[in-house]
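Trainee: Could we go through this structure together? I would like to ask about a few parts of it in turn.

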Amino acid sequence: MSRWLSRPALVVPNRPLRVVAAAGSAFLVLLGTLTACSSGDDSSAPTLREIGSLLARHGKAVLTHDRSAFLAGLDGSARATAFWRQQAAEFDNVVRLPLAGWSYHLEARTRDRAAEAAAGTRLHARAVVVELELHYALRRADPVPSTHTLWWTFVRRGGHVVVAGDDALADAGGASWRGPWDFGRLTIVRGRTSLVLGHADASVLRPVAAAVDDAVPAVSAVWPRPWTKYVVAVVPGSSEELAAEVGPSSPVTSAVAAAAISDPANTVSGAVPGQRLIVNPDALARLSAVGERIVVRHEVTHIAAARYTTDATPAWVREGFAEYVGNLGSGQPVTTAAAELAAAVAKGGLPRALPDAVDLGTGEAIPQAYEESWLACRLIAARVGVSGLVRFYVAAGQGIGAPSAAAALLAVLHESIATFTAQWRAYLRRQLGPAK
(Lines give C-alpha, C1' and ligand atoms only; values in the text may rest on other atoms or scores of the structure.)
Protein backbone atom coordinates (compact mmCIF):
# COMPACT_ATOMS: atom_id res chain seq x y z
CA MET A 1 0.00 0.00 0.00
CA SER A 2 1.25 3.47 -0.82
CA ARG A 3 0.27 6.93 0.23
CA TRP A 4 1.13 10.40 -1.05
CA LEU A 5 1.91 12.71 1.87
CA SER A 6 2.83 16.35 2.23
CA ARG A 7 3.89 18.37 5.22
CA PRO A 8 1.54 21.11 6.42
CA ALA A 9 2.13 24.56 5.02
CA LEU A 10 4.35 26.89 7.00
CA VAL A 11 2.64 30.18 7.80
CA VAL A 12 5.07 32.98 8.59
CA PRO A 13 3.28 36.13 9.76
CA ASN A 14 6.32 38.36 10.18
CA ARG A 15 9.89 38.32 8.94
CA PRO A 16 11.91 41.03 10.68
CA LEU A 17 15.30 39.58 9.84
CA ARG A 18 16.64 37.19 7.24
CA VAL A 19 20.00 35.48 7.36
CA VAL A 20 21.34 33.65 4.34
CA ALA A 21 24.54 31.60 4.05
CA ALA A 22 25.62 30.54 0.57
CA ALA A 23 28.58 28.44 -0.48
CA GLY A 24 31.70 30.49 0.10
CA SER A 25 29.88 33.56 1.43
CA ALA A 26 27.55 34.80 4.12
CA PHE A 27 25.46 37.91 4.12
CA LEU A 28 22.76 39.56 6.17
CA VAL A 29 19.59 41.13 4.84
CA LEU A 30 17.66 43.42 7.15
CA LEU A 31 13.95 43.51 6.40
CA GLY A 32 13.09 45.95 9.15
CA THR A 33 14.76 48.41 11.47
CA LEU A 34 16.44 46.62 14.33
CA THR A 35 18.04 48.06 17.39
CA ALA A 36 21.56 46.71 17.67
CA CYS A 37 23.56 46.49 20.83
CA SER A 38 26.43 44.47 22.15
CA SER A 39 27.90 43.79 25.50
CA GLY A 40 31.26 42.72 26.78
CA ASP A 41 29.74 40.76 29.64
CA ASP A 42 26.95 38.22 30.01
CA SER A 43 24.40 40.38 31.83
CA SER A 44 22.42 41.47 28.77
CA ALA A 45 20.17 39.36 26.58
CA PRO A 46 21.27 38.65 23.00
CA THR A 47 19.88 41.00 20.38
CA LEU A 48 18.30 39.93 17.11
CA ARG A 49 21.14 41.55 15.19
CA GLU A 50 23.71 39.52 17.12
CA ILE A 51 21.69 36.36 16.66
CA GLY A 52 21.48 37.06 12.94
CA SER A 53 25.24 37.47 12.68
CA LEU A 54 25.78 34.21 14.54
CA LEU A 55 23.40 32.37 12.23
CA ALA A 56 25.19 33.67 9.15
CA ARG A 57 28.48 32.34 10.55
CA HIS A 58 26.83 29.08 11.56
CA GLY A 59 25.46 28.44 8.06
CA LYS A 60 28.76 29.36 6.42
CA ALA A 61 30.62 26.98 8.77
CA VAL A 62 28.47 24.09 7.55
CA LEU A 63 29.02 24.88 3.89
CA THR A 64 32.77 25.37 4.31
CA HIS A 65 33.12 22.34 6.62
CA ASP A 66 34.63 24.55 9.33
CA ARG A 67 33.97 22.50 12.46
CA SER A 68 35.81 24.89 14.80
CA ALA A 69 33.74 27.85 13.64
CA PHE A 70 30.55 25.83 13.96
CA LEU A 71 31.34 24.70 17.50
CA ALA A 72 32.33 28.24 18.47
CA GLY A 73 28.70 29.23 17.95
CA LEU A 74 27.46 26.67 20.50
CA ASP A 75 27.11 27.07 24.24
CA GLY A 76 30.01 25.08 25.69
CA SER A 77 28.86 25.32 29.29
CA ALA A 78 28.00 22.23 31.32
CA ARG A 79 24.34 23.30 31.29
CA ALA A 80 24.11 22.84 27.51
CA THR A 81 26.24 19.72 27.14
CA ALA A 82 23.51 17.53 25.60
CA PHE A 83 22.66 20.12 22.94
CA TRP A 84 26.35 20.73 22.19
CA ARG A 85 26.90 17.02 21.61
CA GLN A 86 23.80 16.70 19.45
CA GLN A 87 24.84 19.66 17.29
CA ALA A 88 28.43 18.41 16.97
CA ALA A 89 27.14 15.03 15.80
CA GLU A 90 24.75 16.73 13.38
CA PHE A 91 27.60 18.75 11.88
CA ASP A 92 29.68 15.60 11.37
CA ASN A 93 26.77 14.00 9.51
CA VAL A 94 25.68 17.00 7.46
CA VAL A 95 29.10 17.86 6.04
CA ARG A 96 29.23 14.43 4.42
CA LEU A 97 26.14 15.23 2.34
CA PRO A 98 26.25 16.75 -1.17
CA LEU A 99 24.92 20.11 -0.01
CA ALA A 100 23.92 22.79 -2.48
CA GLY A 101 22.83 25.13 0.31
CA TRP A 102 22.40 25.40 4.08
CA SER A 103 21.12 28.56 5.77
CA TYR A 104 19.15 29.78 8.77
CA HIS A 105 16.44 32.43 8.43
CA LEU A 106 15.44 34.25 11.59
CA GLU A 107 11.66 34.65 11.69
CA ALA A 108 10.61 36.12 15.04
CA ARG A 109 11.25 36.10 18.76
CA THR A 110 8.78 34.09 20.79
CA ARG A 111 6.14 35.95 22.77
CA ASP A 112 6.30 33.30 25.47
CA ARG A 113 8.34 35.19 28.04
CA ALA A 114 7.67 32.52 30.67
CA ALA A 115 9.39 29.94 28.48
CA GLU A 116 12.33 32.30 27.95
CA ALA A 117 12.59 32.90 31.69
CA ALA A 118 12.52 29.16 32.38
CA ALA A 119 15.24 28.60 29.78
CA GLY A 120 17.31 31.37 31.32
CA THR A 121 16.95 29.87 34.78
CA ARG A 122 18.03 26.47 33.49
CA LEU A 123 21.02 27.95 31.64
CA HIS A 124 21.93 30.56 34.28
CA ALA A 125 21.86 33.31 31.66
CA ARG A 126 19.44 35.73 30.05
CA ALA A 127 17.87 33.73 27.26
CA VAL A 128 16.15 34.69 24.00
CA VAL A 129 14.07 32.08 22.13
CA VAL A 130 13.49 32.64 18.43
CA GLU A 131 11.77 30.87 15.57
CA LEU A 132 14.11 29.99 12.70
CA GLU A 133 13.68 28.44 9.31
CA LEU A 134 16.36 26.00 8.21
CA HIS A 135 16.68 26.06 4.43
CA TYR A 136 18.80 23.34 2.89
CA ALA A 137 19.21 21.76 -0.52
CA LEU A 138 20.92 18.61 -1.77
CA ARG A 139 22.62 18.65 -5.16
CA ARG A 140 20.62 17.12 -8.04
CA ALA A 141 17.61 16.44 -5.80
CA ASP A 142 16.56 19.93 -4.69
CA PRO A 143 16.16 22.63 -7.36
CA VAL A 144 14.75 24.78 -4.53
CA PRO A 145 15.57 24.42 -0.81
CA SER A 146 13.56 22.42 1.68
CA THR A 147 12.34 24.48 4.65
CA HIS A 148 11.87 23.42 8.26
CA THR A 149 11.12 25.22 11.52
CA LEU A 150 13.52 25.33 14.47
CA TRP A 151 13.07 27.01 17.86
CA TRP A 152 16.50 27.90 19.20
CA THR A 153 17.54 29.43 22.52
CA PHE A 154 20.37 31.98 22.58
CA VAL A 155 22.44 33.22 25.51
CA ARG A 156 25.61 35.22 26.02
CA ARG A 157 28.80 33.53 27.21
CA GLY A 158 32.01 35.49 27.70
CA GLY A 159 30.44 38.41 25.89
CA HIS A 160 29.61 36.30 22.81
CA VAL A 161 26.16 35.16 21.69
CA VAL A 162 25.82 31.38 21.34
CA VAL A 163 23.00 28.92 20.73
CA ALA A 164 22.23 26.83 23.81
CA GLY A 165 19.21 24.65 23.03
CA ASP A 166 16.27 23.82 20.80
CA ASP A 167 13.59 22.61 23.21
CA ALA A 168 12.48 25.64 25.23
CA LEU A 169 9.04 25.56 23.60
CA ALA A 170 8.73 21.81 23.08
CA ASP A 171 5.94 21.50 25.66
CA ALA A 172 4.01 24.35 24.04
CA GLY A 173 3.98 22.96 20.50
CA GLY A 174 7.26 24.56 19.44
CA ALA A 175 9.27 21.43 18.76
CA SER A 176 12.24 21.88 16.44
CA TRP A 177 12.28 19.78 13.28
CA ARG A 178 14.78 16.95 13.23
CA GLY A 179 16.38 15.55 10.10
CA PRO A 180 17.91 12.14 9.46
CA TRP A 181 21.28 13.51 10.64
CA ASP A 182 19.81 13.95 14.15
CA PHE A 183 19.22 10.24 14.81
CA GLY A 184 22.72 8.78 14.83
CA ARG A 185 25.64 8.45 12.48
CA LEU A 186 24.52 8.54 8.86
CA THR A 187 25.28 5.81 6.38
CA ILE A 188 25.22 7.28 2.89
CA VAL A 189 24.87 5.19 -0.27
CA ARG A 190 25.03 6.81 -3.70
CA GLY A 191 23.36 5.19 -6.68
CA ARG A 192 23.16 6.29 -10.31
CA THR A 193 19.96 8.25 -9.74
CA SER A 194 19.59 7.93 -5.98
CA LEU A 195 21.00 9.05 -2.66
CA VAL A 196 20.07 6.83 0.29
CA LEU A 197 20.41 8.06 3.89
CA GLY A 198 20.07 5.76 6.87
CA HIS A 199 21.80 4.37 9.92
CA ALA A 200 21.98 0.69 9.03
CA ASP A 201 24.93 -0.99 7.36
CA ALA A 202 25.47 -0.08 3.72
CA SER A 203 24.50 -3.64 2.77
CA VAL A 204 20.95 -2.83 3.96
CA LEU A 205 20.79 0.45 2.02
CA ARG A 206 22.27 -0.68 -1.29
CA PRO A 207 19.14 -2.65 -2.31
CA VAL A 208 17.11 0.51 -1.73
CA ALA A 209 19.42 2.44 -4.03
CA ALA A 210 19.16 -0.34 -6.64
CA ALA A 211 15.34 -0.30 -6.45
CA VAL A 212 15.25 3.48 -6.92
CA ASP A 213 17.79 3.34 -9.75
CA ASP A 214 15.50 0.82 -11.46
CA ALA A 215 12.40 2.94 -10.86
CA VAL A 216 13.65 6.32 -12.10
CA PRO A 217 14.02 5.43 -15.82
CA ALA A 218 10.86 3.31 -15.73
CA VAL A 219 8.85 6.23 -14.39
CA SER A 220 10.49 8.69 -16.77
CA ALA A 221 9.47 6.49 -19.71
CA VAL A 222 5.82 7.12 -18.79
CA TRP A 223 6.07 10.63 -17.35
CA PRO A 224 7.63 12.81 -20.09
CA ARG A 225 7.42 16.12 -18.26
CA PRO A 226 10.52 17.60 -16.59
CA TRP A 227 11.50 16.40 -13.12
CA THR A 228 14.80 15.90 -11.30
CA LYS A 229 15.11 12.20 -12.20
CA TYR A 230 17.04 11.85 -8.96
CA VAL A 231 15.57 10.61 -5.68
CA VAL A 232 16.71 10.97 -2.09
CA ALA A 233 15.56 8.00 -0.02
CA VAL A 234 15.57 8.10 3.78
CA VAL A 235 15.59 4.84 5.74
CA PRO A 236 14.50 5.67 9.33
CA GLY A 237 16.13 3.64 12.05
CA SER A 238 13.30 3.97 14.57
CA SER A 239 9.62 4.82 14.92
CA GLU A 240 10.70 8.14 16.42
CA GLU A 241 12.65 9.01 13.31
CA LEU A 242 9.82 7.83 11.06
CA ALA A 243 7.42 10.17 12.89
CA ALA A 244 9.90 13.04 12.58
CA GLU A 245 10.22 12.52 8.83
CA VAL A 246 6.54 12.15 7.90
CA GLY A 247 4.99 14.22 10.71
CA PRO A 248 3.31 13.08 13.94
CA SER A 249 -0.20 13.21 12.44
CA SER A 250 0.69 11.12 9.39
CA PRO A 251 -1.09 7.79 8.88
CA VAL A 252 2.19 6.18 7.81
CA THR A 253 3.25 3.45 10.23
CA SER A 254 6.04 0.91 10.47
CA ALA A 255 3.83 -1.48 8.45
CA VAL A 256 4.04 0.77 5.36
CA ALA A 257 6.88 -0.20 3.04
CA ALA A 258 7.43 3.22 1.46
CA ALA A 259 5.91 6.70 1.23
CA ALA A 260 6.69 9.86 -0.72
CA ILE A 261 6.74 13.13 1.24
CA SER A 262 7.39 16.77 0.42
CA ASP A 263 7.14 20.31 1.67
CA PRO A 264 4.12 22.33 0.47
CA ALA A 265 4.28 23.38 -3.17
CA ASN A 266 5.21 26.96 -3.96
CA THR A 267 1.94 28.59 -4.94
CA VAL A 268 3.65 30.92 -7.42
CA SER A 269 6.25 28.74 -9.16
CA GLY A 270 4.60 25.37 -8.59
CA ALA A 271 7.93 23.92 -7.39
CA VAL A 272 7.63 21.16 -4.79
CA PRO A 273 10.55 21.30 -2.35
CA GLY A 274 11.80 18.62 0.00
CA GLN A 275 10.71 15.57 -1.95
CA ARG A 276 11.91 12.42 -0.24
CA LEU A 277 11.17 8.72 -0.45
CA ILE A 278 10.76 7.24 3.03
CA VAL A 279 11.57 3.52 3.03
CA ASN A 280 10.96 0.88 5.69
CA PRO A 281 13.41 -1.87 4.72
CA ASP A 282 11.80 -4.48 7.00
CA ALA A 283 8.35 -3.99 5.44
CA LEU A 284 9.86 -3.80 1.95
CA ALA A 285 11.72 -7.07 2.51
CA ARG A 286 8.43 -8.84 3.27
CA LEU A 287 7.25 -8.14 -0.28
CA SER A 288 8.00 -10.26 -3.30
CA ALA A 289 10.47 -8.90 -5.85
CA VAL A 290 7.52 -7.83 -8.00
CA GLY A 291 5.75 -6.24 -5.06
CA GLU A 292 8.86 -4.28 -4.06
CA ARG A 293 9.30 -3.00 -7.61
CA ILE A 294 5.65 -1.91 -7.80
CA VAL A 295 5.79 -0.06 -4.47
CA VAL A 296 9.01 1.82 -5.25
CA ARG A 297 7.89 2.76 -8.77
CA HIS A 298 4.53 3.88 -7.35
CA GLU A 299 6.18 6.27 -4.90
CA VAL A 300 8.74 7.54 -7.40
CA THR A 301 5.82 8.32 -9.72
CA HIS A 302 4.38 10.57 -7.01
CA ILE A 303 7.71 12.39 -6.85
CA ALA A 304 7.96 12.76 -10.64
CA ALA A 305 4.39 14.05 -10.99
CA ALA A 306 4.37 16.23 -7.87
CA ARG A 307 4.48 19.54 -9.72
CA TYR A 308 1.23 18.63 -11.47
CA THR A 309 -0.43 17.09 -8.40
CA THR A 310 -2.65 19.58 -6.61
CA ASP A 311 -5.36 19.63 -3.99
CA ALA A 312 -7.77 19.39 -6.91
CA THR A 313 -6.35 16.08 -8.13
CA PRO A 314 -8.88 13.41 -7.13
CA ALA A 315 -7.48 10.66 -4.92
CA TRP A 316 -8.37 7.93 -7.42
CA VAL A 317 -6.48 9.76 -10.17
CA ARG A 318 -3.44 10.35 -7.99
CA GLU A 319 -3.16 6.83 -6.65
CA GLY A 320 -4.50 5.07 -9.73
CA PHE A 321 -1.92 6.70 -11.97
CA ALA A 322 0.93 5.74 -9.61
CA GLU A 323 -0.41 2.18 -9.46
CA TYR A 324 -0.62 2.12 -13.26
CA VAL A 325 3.04 3.09 -13.61
CA GLY A 326 4.05 0.69 -10.84
CA ASN A 327 2.29 -2.25 -12.47
CA LEU A 328 3.54 -1.67 -16.01
CA GLY A 329 5.62 -4.62 -17.12
CA SER A 330 5.08 -6.52 -13.88
CA GLY A 331 3.80 -9.57 -15.73
CA GLN A 332 1.04 -10.10 -13.19
CA PRO A 333 -2.43 -11.12 -14.41
CA VAL A 334 -5.08 -8.53 -13.57
CA THR A 335 -6.80 -10.98 -11.24
CA THR A 336 -3.54 -11.30 -9.25
CA ALA A 337 -2.72 -7.61 -9.17
CA ALA A 338 -6.32 -6.82 -8.16
CA ALA A 339 -6.93 -9.85 -5.96
CA GLU A 340 -9.03 -8.08 -3.31
CA LEU A 341 -11.24 -6.44 -5.89
CA ALA A 342 -11.56 -9.68 -7.87
CA ALA A 343 -12.76 -11.45 -4.73
CA ALA A 344 -15.33 -8.73 -4.09
CA VAL A 345 -16.59 -8.80 -7.68
CA ALA A 346 -16.86 -12.59 -7.53
CA LYS A 347 -19.22 -12.13 -4.58
CA GLY A 348 -21.33 -9.58 -6.42
CA GLY A 349 -19.57 -6.56 -4.97
CA LEU A 350 -19.06 -4.52 -8.10
CA PRO A 351 -18.36 -0.93 -6.95
CA ARG A 352 -20.96 1.66 -7.87
CA ALA A 353 -18.69 4.72 -7.90
CA LEU A 354 -15.05 5.61 -8.31
CA PRO A 355 -13.20 5.57 -4.97
CA ASP A 356 -12.85 8.80 -3.03
CA ALA A 357 -10.25 10.04 -0.56
CA VAL A 358 -11.96 8.28 2.33
CA ASP A 359 -11.92 4.94 0.51
CA LEU A 360 -8.22 5.35 -0.21
CA GLY A 361 -7.28 6.60 3.23
CA THR A 362 -9.00 4.52 5.88
CA GLY A 363 -10.44 1.12 6.60
CA GLU A 364 -9.78 -2.45 5.60
CA ALA A 365 -10.89 -1.84 2.01
CA ILE A 366 -7.89 0.37 1.12
CA PRO A 367 -6.20 -2.28 -1.07
CA GLN A 368 -9.43 -2.75 -3.04
CA ALA A 369 -9.78 1.02 -3.51
CA TYR A 370 -6.24 1.21 -4.88
CA GLU A 371 -7.05 -1.60 -7.32
CA GLU A 372 -10.23 0.18 -8.42
CA SER A 373 -8.21 3.35 -9.04
CA TRP A 374 -5.53 1.44 -10.94
CA LEU A 375 -8.07 -0.16 -13.27
CA ALA A 376 -9.76 3.19 -13.89
CA CYS A 377 -6.44 4.63 -15.09
CA ARG A 378 -5.67 1.45 -16.98
CA LEU A 379 -8.97 1.84 -18.83
CA ILE A 380 -8.12 5.44 -19.73
CA ALA A 381 -4.73 4.33 -21.07
CA ALA A 382 -6.43 1.59 -23.10
CA ARG A 383 -8.72 4.21 -24.62
CA VAL A 384 -6.32 7.11 -25.33
CA GLY A 385 -2.84 5.67 -24.77
CA VAL A 386 -0.25 6.43 -22.10
CA SER A 387 0.24 9.99 -23.38
CA GLY A 388 -3.51 10.52 -23.11
CA LEU A 389 -3.47 9.24 -19.54
CA VAL A 390 -0.71 11.73 -18.71
CA ARG A 391 -2.76 14.54 -20.30
CA PHE A 392 -5.74 13.44 -18.23
CA TYR A 393 -3.65 13.44 -15.02
CA VAL A 394 -2.40 16.97 -15.64
CA ALA A 395 -5.88 18.22 -16.54
CA ALA A 396 -7.42 16.61 -13.45
CA GLY A 397 -5.19 18.72 -11.20
CA GLN A 398 -6.25 22.02 -12.72
CA GLY A 399 -9.80 22.24 -11.43
CA ILE A 400 -11.40 22.15 -8.00
CA GLY A 401 -12.40 18.84 -6.43
CA ALA A 402 -14.66 16.36 -8.22
CA PRO A 403 -15.46 18.73 -11.12
CA SER A 404 -11.77 18.59 -12.10
CA ALA A 405 -12.04 14.89 -12.96
CA ALA A 406 -15.26 15.50 -14.86
CA ALA A 407 -13.67 18.33 -16.86
CA ALA A 408 -10.57 16.23 -17.55
CA LEU A 409 -12.68 13.32 -18.80
CA LEU A 410 -14.57 15.64 -21.12
CA ALA A 411 -11.33 17.13 -22.42
CA VAL A 412 -9.47 13.86 -22.97
CA LEU A 413 -12.12 11.14 -23.42
CA HIS A 414 -14.98 13.44 -24.56
CA GLU A 415 -17.46 11.88 -22.16
CA SER A 416 -19.10 12.60 -18.83
CA ILE A 417 -17.96 11.14 -15.55
CA ALA A 418 -21.25 9.23 -15.35
CA THR A 419 -20.59 7.61 -18.73
CA PHE A 420 -17.01 6.82 -17.79
CA THR A 421 -18.09 5.31 -14.47
CA ALA A 422 -20.52 3.01 -16.27
CA GLN A 423 -17.80 1.98 -18.72
CA TRP A 424 -15.37 1.41 -15.83
CA ARG A 425 -17.84 -0.87 -14.05
CA ALA A 426 -18.29 -2.87 -17.25
CA TYR A 427 -14.50 -3.01 -17.63
CA LEU A 428 -14.13 -4.39 -14.10
CA ARG A 429 -16.70 -7.05 -14.89
CA ARG A 430 -14.83 -8.06 -18.04
CA GLN A 431 -11.42 -8.07 -16.40
CA LEU A 432 -12.36 -9.76 -13.13
CA GLY A 433 -15.31 -11.94 -13.98
CA PRO A 434 -19.07 -11.47 -13.92
CA ALA A 435 -20.64 -10.15 -10.73
CA LYS A 436 -23.27 -12.52 -9.42
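Trainee: Which strands does helix α4 lie across?

Mentor: Helix α4, residues 113-123, lies across β3, β4, β5 and β6. Its direction runs at about 55° to that of β5. Please keep in mind that this is a predicted model.

Trainee: In what order do the strands of that sheet come?

Mentor: The order is β3-β4-β5-β6, in an open sheet of four strands with antiparallel pairing. The edges are taken by β3 (99-109) and β6 (160-165). Each of these has a single partner strand, so one side of each is left without a neighbour in the sheet. On average, neighbouring strands of this sheet are turned by 40° against each other, direction ignored.

Trainee: Which other helix packs on the sheet?

Mentor: Helix α1, residues 48-63, packs on the sheet and touches β3, β4, β5 and β6. Its direction makes about 165° with that of β3.

Trainee: How many bridges join β4 and β5?

Mentor: Strand β4 (residues 128-138) and strand β5 (residues 146-157) pair in the antiparallel sense over nine bridges.

Trainee: How many residues of β5 are buried?

Mentor: Eleven of its twelve residues are buried, so β5 is largely enclosed by the rest of the structure.

Trainee: Is His124 buried or exposed?

Mentor: His124 is exposed, with a relative accessible area of 54%. His414 is another residue that is not a glycine and has a positive phi, here of about 60°. His414 is found in the loop between α14 (402-412) and α15 (417-432). With a relative accessible area of 65%, His414 is exposed.

Trainee: A different topic, then. Which residues of helix α6 are buried?

Mentor: In α6, residues 239-246, the buried residues are Glu241, Leu242, Glu245 and Val246. They cover an arc of only 120° around the axis, which puts them on the same side of α6.

Trainee: Which strands do they pack against?

Mentor: The buried residues of α6 pack against β9 (231-235), β10 (258-261) and β11 (276-279). Just after this helix, Gly247 takes a positive phi of about 100°.

Trainee: I also wanted to ask about α9 and α13. At what angle do they pack?

Mentor: Helix α9 (residues 315-327) and helix α13 (residues 366-396) pack at an angle of about 90°, and their axes are 7 Å apart. The two helices, α9 and α13, are therefore roughly perpendicular to each other.

Trainee: What classes of residue make up that contact?

Mentor: The contact of α9 with α13 has 16 nonpolar, three polar and four charged residues.

Trainee: One last matter, the protein as a whole. How many helices and strands are there?

Mentor: The protein has 15 helices and eleven strands. Of its 436 residues, 54% are buried. Among contacts with a separation of 6 or more, 70% are between residues 24 or more positions apart.

Terms used
Residues numbered from 1 in each chain as written. Predicted model: local features only at pLDDT ≥ 70, side-chain atom pairs only at ≥ 80, totals over all residues. Heavy atoms only, no water. Axes fitted to C-alpha atoms, helices over the stretch in contact; angles between N-to-C directions. Parallel < 35°, antiparallel > 145°, perpendicular 65-115°, else oblique. Nonpolar A, V, L, I, M, F, W, Y, C, P; charged D, E, K, R; others polar. Buried < 20%, exposed > 50% of the residue type's maximum accessible area, 1.4 Å probe, protein only. Arc of directions from axis to C-beta. Contact = heavy atoms within 4.5 Å. Pairing = 2+ DSSP bridges.
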